[in-house]
Amino acid sequence: MNTAPSKRELRHFLKRYVPDPELSAHLATGQAATPDVPQKITIGVSPKEYVNTLLSPNARQLALTKVEGPLERPDWLAVGSTLLKLRKLGLTSIVVFDNIHWRVADQSPSEASKTMMNECMALVEAIEKAGGRARPIYGGVLERRSRDGALDVHLDYIKSALEHNQVPVLVPVVSEDTPRPIAANEMMVALTKKLAQDEKTTPAKIVVVNTEGGIPNHEHPGTAHSLVNVQEEYDSILDAFHQQPTWQRAYPTTTRNLSMIRSCLAMLPTTSSAIVTPTASLPSSLIANLVTDKPLYSSSLPAGSPERINSSRSTVLRHGIKINKYDRISDLDLPRLTKLLEASFLKKLDEPAFYGRLEDVLAGAIIAGDYEGAVIMTSEQAGASRHAYLDKFAIAPTSQGIGLTDILWKQMCDAYPELLWRSRKDNGVNKWYFERSNGYIRLKDTNWVLFWHGSKGFNYIDEYASIVHKVPASFSGPLPKNQLR
């Protein structure tokens, strides 16, 4: 409960991870027990039984988790305990064990395999010490085809462990006459490809637990990225590593993990995500991410905000979607944009007036993917000056909860260092706006709150206010009932 999820986040979590749909619906609504609520969750049931029903071991979601050594004993115990806590919350892990020293050890395949197995047992013991059950799986999962060298994956041992409420802990070896070690990341990619072939086994998360933490943030040295949109930021992160020679020594596994995660997420639904977190941040980093399905620190907050400082060094990664930028209305797909705006605002767009105005004042449009999100910026005249105005910020209902809001907001702020927007005083989103603006003012004798982003906005309050007053309404009324989804 220390994760303090919003009502929307809690409903999303219950819908996805709580095995009992009736209990999930009951908890999400927060309603009192009624005669049609199952007996097991009525008022007469003891608190212990109620909680035990919520923390059911019959998890519906899987995480493919790489635990990266070497680890000290306290770290082993933290990992084992965290895996059990996640399982009680509905996320069961398939664990691949790794150790950065295996890649440089001067050992024969046979000796290396024994070393790997011995270290794997330390994680198995940590899980069992925490009160869970684990099964080490050494061989029988991967076989390399002789004709093309590709890996065949066999899930029998893994499924058997899951069916017996055991955490499968895999040693990254290929079954041959003598088991031969392979890179743990190669095993992660092969497992993801196989698991993704069945909706029931498709991983909800790719998890990497290590000692060095998440992806270093080249824009804010000494911190880690909170959220990475892999499609958009992969190349820039690699470029940053090439420009920082010391990073290869300080963060020896980062680029390999980033490449592995990129390959895995490309094979999974957009609802799946990855997280890289250090053992020092367990269990809170993984539990908070599981419950809220978002980074611990929002990348869309102003740069100087203390809530943006990623002290846990945990990074959430999403496959993301391509971001396209346009500066002419003729380049936009207006029917798709209309559909997005109406679905997001649940109002009927006054298309002739709205697009007619944009012909004259459009400053730019930032479009996510196939019109899954959009930022519409205009250039507004106030006296002798022109200012960037956020006219529309829209996320499709089907794309909410995948980090797209933070991605688009950051793109907008980078492109427009000084901008303003308005919101009605009773808008439920205002709390989010308050946190992300550099300033705001409630305009007298109106129903508007004026917000601005940028360090100079306070100097332009009068001009900003005049813009807020003159921008016309974009919607003509509520959507017809037959268009509501």
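At what angle do helix 12 and helix 13 pack? The legends below take that up, starting with the pair itself.

**View 1. Helix 12 packs with helix 13.** In this predicted model, helix 12 (residues 334-345) meets helix 13 (residues 351-361) at an angle of about 115°, and their axes lie 12 Å apart. Axes here are lines fitted to C-alpha atoms over the stretch in contact, and angles run from 0 to 180 degrees between N-to-C directions. Helices are DSSP runs of H or I with at least four residues, strands are E runs with at least two, and both are numbered from the N terminus.

**View 2. Who touches whom between the two helices.** Helix 12 brings L334, L337, T338 and L341 to the contact, while helix 13 brings E351, F354 and Y355. Contact just means heavy atoms within 4.5 Å. Sorted by type, these residues give five nonpolar, one polar and one charged.

**View 3. Residues 30-44, a stretch to read with care.** Here pLDDT (the predictor's confidence in each residue, from 0 to 100) stays under 50, and the model has 18 contacts beyond four places in sequence for this stretch. Across the protein chain, the mean pLDDT is 86, with 85% of residues at 70 or more.

**View 4. The protein chain overall.** You'll find 16 helices and 21 strands here. Of the 485 residues, 50% count as buried, meaning under 20% relative accessible area with a 1.4 Å probe, protein chains only.

**Notes.** Residues are numbered from 1 along each chain as its sequence is written. Local features need pLDDT of at least 70, side-chain atom pairs count only at 80 or more, totals for chains, interfaces and linings use all residues, and side-chain values use heavy atoms, leaving out hydrogens and water.

Key. Ala, Val, Leu, Ile, Met, Phe, Trp, Tyr, Cys and Pro count as nonpolar, Asp, Glu, Lys and Arg as charged, and the others, Gly among them, as polar.
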